[in-house]
Amino acid sequence: MKIFARSLRCAVALLATTGLCLPSFVPVAAAQTAQREALVDLANPLMGTDSSHGLSYGNTYPAVAVPWGMNFWTPVTGKMGDGWGYTYDAEKINGIKQTHQPSPWMNDYAVFALFAETGALKIGQDERASWFSHKAEEARPYKYKVYLADYDVTAEVAPTNRAAQFRFTFPKSDDAHIILDGQNGGAMVKVDPARRRITGYVSNNHGGVPDNFRNYFVAEFDKDFDVTRTWDSNGQLSAALTREDGRAGAVVSFKTRDGEQVGVKVASSFISLDQAERNLAREIGRDSYDATEAKAKAAWEHEFRKVEVSDPNIDNRRVFYSALYRMLQFPRMFHEIDASGKTVHYSPYDGKVHDGPLFTDNGFWDTWRAVFPWFALVYPEVDSQIMQGLVNTYKESGWLPEWASPGHRDVMIGSNSANLIADAYLNGVRGFDVETLYEAMVKNATTSEGRPKDKRGNVVGAVGREGVEFYNQLGYVPYDVGINESAARTLEYATADFSLSRLAAALGKTEDAKKYAAQAQNYRKLYDPESGWMRGRNKDGSWMKPFNPYAWGDAFTEGNSMHYSWSVMQDVQGLIDQMGGDKKFVDRLDSIFTLPPLFENSYYGSVIHETREMQVVNMGQYAHGNQPIQHMIYLYDWAGQPWKTQKHARDVMTKLYSATPDGYPGDEDNGQTSAWYVFSALGFYPVTPTVGEYAIGSPLFEKVRVTMPTGKVLTIEGVNNNAQNVYIQSVTFNGTKHDKTWLTREALQAGGTLRFVMGPTPNKQWGADKASAPFSMSAPGERK
């Protein structure tokens with residue numbers, strides 16, 4: 001217990017190296033925490049790793065990291081350059097790599113790997129790969145440990161923000177080796193036997209970087225080298241101490257005693273080798289392996305203690321903390337601390353080093369929905385720094401990012417940076433240049449000219465708003481002008497315009513607020529009253545033909561019309577009105593779960609994994625494995641039947657999530673699918689951006705204590721809560737009856753006791769009154 005209490009105090013030092021302005025905590029709290037179970041050990045980093053290109057159960061890898069860390073580490077079972085670097089069904093491991101991969105679809109960058117062997121030296125990934133078993137593997141957020149059976153070696157790694165410690169336990173051997181593999185894509189290695197070091201850089205990437213992009217590294221060993229060698233992209237070994245090639249690596253060899261442990265301290269930098277050495281000294285210094293592991297564990301525990309779940313169902317608690325672990329990884333810090341203690345960053349936009357924070361590896365199409373609202377609610381200090389980073393991105397590239405990894409990437413659609421920026425500011429996050437970000441949002445909404453280009457000279461269409469000139473002229477992006485996924489773009493631009501209008505009003509820009517509020521109603525232009533669904537529209541105003549609501553892609557993005565027709569988060573009441581009132585709206589919501597999981601995939605040419613993931617879970621057309629429909633369950637709250645929200649929310653939590661390798665229903669996606677679970681398990685969800693309201697669902701636990709950034713504690717109680725009692729019977733907040741189907745950010749952050757009384761049958765009176773519905777632009781007496 002004393003060791004763990006000490007490690008919590010050590011975490012203060014670790015957090016100080018991150019550049020994050022996190023709240024401090026005191027030794028008294030640390031000592032109290034030491035008497036409790038470690039919440040971080042409920043998280044399973046292997047959740048979601050049983051995935052493939054054809055079917056996703058998360059598409060995750062076991063990320064060994066600290067929250068929002070610049071570098072993660074993960075074991076490798078796949079081949080170099082394969083986005084599925086670790087899969088649970090694999091039988092062999094060939095390395096433990098530094099990774100920055102946000103998604104297998106984006107792939108990795110700045111990768112190098114370490115590995116240990118005994119006996120005859122094997123360099124190639126397939127050749128050197130060792131059999132391993134999950135029975136002799138330990139994956140925690142703060143450590144990874146595995147037995148390499150072919151070599152009788154145990155490998156361990158524990159992280160800091162920009163560094164890590166490795167510990168290799170060898171058998172008695174005259175030929176023990178540690179390999180550093182620079183991977184394909186450009187690398188340099190230099191062995192320094194006198195200092196027991198390997199230094200160098202790697203340049204591998206999959207786009208979004210300038211020509212001078214490099215990840216500089218230093219690896220410092222605690223044992224003298226007997227033999228040193230380097231190799232090139234042909235696998236040719238040499239006694240040369242330096243090697244630079246398309247692929248370069250180094251190996252150091254020595255004799256070991258039985259059970260001898262060899263340590264390696266590793267750090268890296270996107271700025272310089274000097275900065276990498278600075279990161280090593282600052283974040284590890286003289287620390288032992290055990291000290292680094294304890295600090296990393298304490299850093300996670302510090303964050304997990306903000307949300308303490310009490311419930312007899314240990315499996316649900318494991319899912320919750322596994323999801324929370326995923327939520328606190330991205331966007332990752334891309335900044336470092338220089339010799340003077342100043343926060344600086346290498347820019348993947350202009351290739352220069354600038355002052356200030358920068359974050360990357362995030363797809364806002366996914367994370368604006370629930371990850372960033374969670375940051376605004378619980379982590380406003382972190383959210384503020386991310387916003388500062390967006391200011392820097394705009395200044396360095398001229399545009400806001402929509403999918404950065406590490407720079408602009410041409411993936412997905414929308415203008416969703418507007419949602420998370422406005423959501424932050426309207427929910428009280430401060431400490432960033434909001435006027436500059438407002439300028440950037442208006443630029444997105446005004447022109448598509450001058451957008452960045454990739455190395456082939458092609459415009460990065462995901463940046464800004466593809467088709468914005470058509471959208472501003474017609475109120476929609478036409479189907480027949482060569483812009484794919486036009487209906488989805490229109491719906492997403494309208495939501496972004498709502499966020500823009502709200503921020504404009506808050507900043508006193510009255511005319512802009514009116515303009516963008518009007519544009520937020522553009523969703524109406526795509527509603528087809530004949531079919532009852534959203535539908536692509538041609539430039540002349542005619543409807544796209546043929547139209548099949550089961551067709552994936554085409555006018556929509558990774559889904560069909562039945563998924564995207566609910567993407568009117570800003571005006572659910574307006575959508576209800578268009579669909580013919582509450583009853584018809586509810587009938588249409590119900591149909592999503594009762595229609596067969598039919599699909600038409602001609603747009604893609606084959607069955608894509610998102611389609612298959614919808615088909616196999618037996619929930620009709622409900623496709624929780626992808627983001628566009630994840631909020632849909634909560635829309636019953638607007639239509640007078642909140643008990644159906646309660647039923648379906650609980651169904652999804654219990655059927656589609658588990659703390660197992662196949663524990664997600666599709667792509668986890670930078671924390672978004674996890675964030676849906678975290679919010680929903682607490683009993684509410686942020687459907688509409690910027691308004692600071694959360695639609696109520698079905699709380700999963702008996703008791704949760706959330707420590708808010710105000711220092712106040714919100715206690716959520718689920719009286720009679722269990723697997724059968726999924727329906728709300730009554731709600732009180734601080735002893736006062738609560739009949740609304742929504743909660744406010746201000747009320748939650750002020751703390752108190754939110755008490756749900758649960759039962760096995762619906763209370764159809766609770767929340768059914770129209771005045772109980774959450775915010776909507778078209779609702780009578782709209783809340784400003």
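Reply:

An open sheet is built from 6 strands in the order β19-β31-β32-β36-β33-β34, and its pairing is mixed. Strands (E, at least two residues) and helices (H or I, at least four) are DSSP runs numbered from the N terminus, and two strands pair if DSSP finds at least two bridges between them.

The model is predicted: local features need pLDDT of at least 70, side-chain atom pairs count only at pLDDT 80 or more, and totals for chains, interfaces and linings use all residues. Residues are numbered from 1 along each chain as its sequence is written, and side-chain values use heavy atoms, with hydrogens and water left out.

Within the sheet, β33 (residues 727-733) and β36 (residues 752-759) run antiparallel to each other, joined by 6 bridges. Thr732 faces Arg755 of β36 in this pairing. In general, strands of a sheet pair through backbone hydrogen bonds, either parallel or antiparallel.

As for the record, an unreviewed UniProt entry annotates residues 275-760 as "domain: Glycosyl hydrolase family"; UniProt positions are given in the numbering used here, feature names are shortened, and annotations may be inferred rather than shown by experiment. Over that span the chain is 39% helix and 13% strand, with 59 Å between the end C-alpha atoms.

A further antiparallel pair is formed by β6 (residues 137-140) and β7 (residues 143-148), with 4 bridges. The two strands make a hairpin with 2 residues between them, and Glu137 lies opposite Val146 in β7. In a regular strand the side chains alternate between the two faces of the sheet. Buried means under 20% relative accessible area, exposed means over 50%, and partly exposed lies in between (1.4 Å probe, protein chains only).

Two single residues may be set beside this pattern. Glu693 belongs to strand β30 (residues 693-696) and counts as buried because its relative accessibility is 10%. A polar atom of the Glu693 side chain lies 2.9 Å from the backbone nitrogen of Phe775. Ser340 sits in the loop between β21 (335-337) and β22 (343-346), and it counts as exposed because its relative accessibility is 61%. The Ser340 side chain makes a polar contact of 2.8 Å with the side chain of Asp338. Such a contact is a pair of N or O atoms within 3.5 Å; within protein, one must be able to donate a hydrogen and the other to accept it, and residues adjacent in sequence count only if both atoms are side-chain atoms.

The voids come next. On a 1 Å grid over the protein atoms alone, a cavity is a set of points where a 1.4 Å probe fits but cannot get out, and a pocket is an open set with protein on both sides within 12 Å along at least five of seven lines; lining residues have an atom within 4 Å of a point. Grid points are joined across faces, edges and corners, and a volume is the space filled by probe spheres set on the points.

The largest pocket has a volume of about 640 Å³. It is lined by 27 residues, of which Trp105, Val411, Met412, Glu558 and Glu610 are the closest to its centre. Helices α7 (364-367) and α18 (609-616) each supply at least two lining residues, and α18 gives the largest share, 3 residues. By class the lining holds 10 nonpolar, 8 polar and 9 charged residues. Here Ala, Val, Leu, Ile, Met, Phe, Trp, Tyr, Cys and Pro count as nonpolar, Asp, Glu, Lys and Arg as charged, and the others, Gly among them, as polar.

The second largest pocket has a volume of about 530 Å³. Among its 18 lining residues, those closest to the centre are Gly208, His408, Lys453, Asp454 and Lys455. Its lining divides into 6 nonpolar, 6 polar and 6 charged residues.

There are 11 cavities of 30 Å³ or more. The largest cavity has a volume of about 140 Å³; 16 residues line it, and Asn59, Thr60, Pro102, Glu668 and Asn670 are the closest to its centre. The second largest cavity holds about 80 Å³, and its lining has 8 nonpolar, 3 polar and no charged residues. In that lining, α9 provides the largest share, 3 residues.
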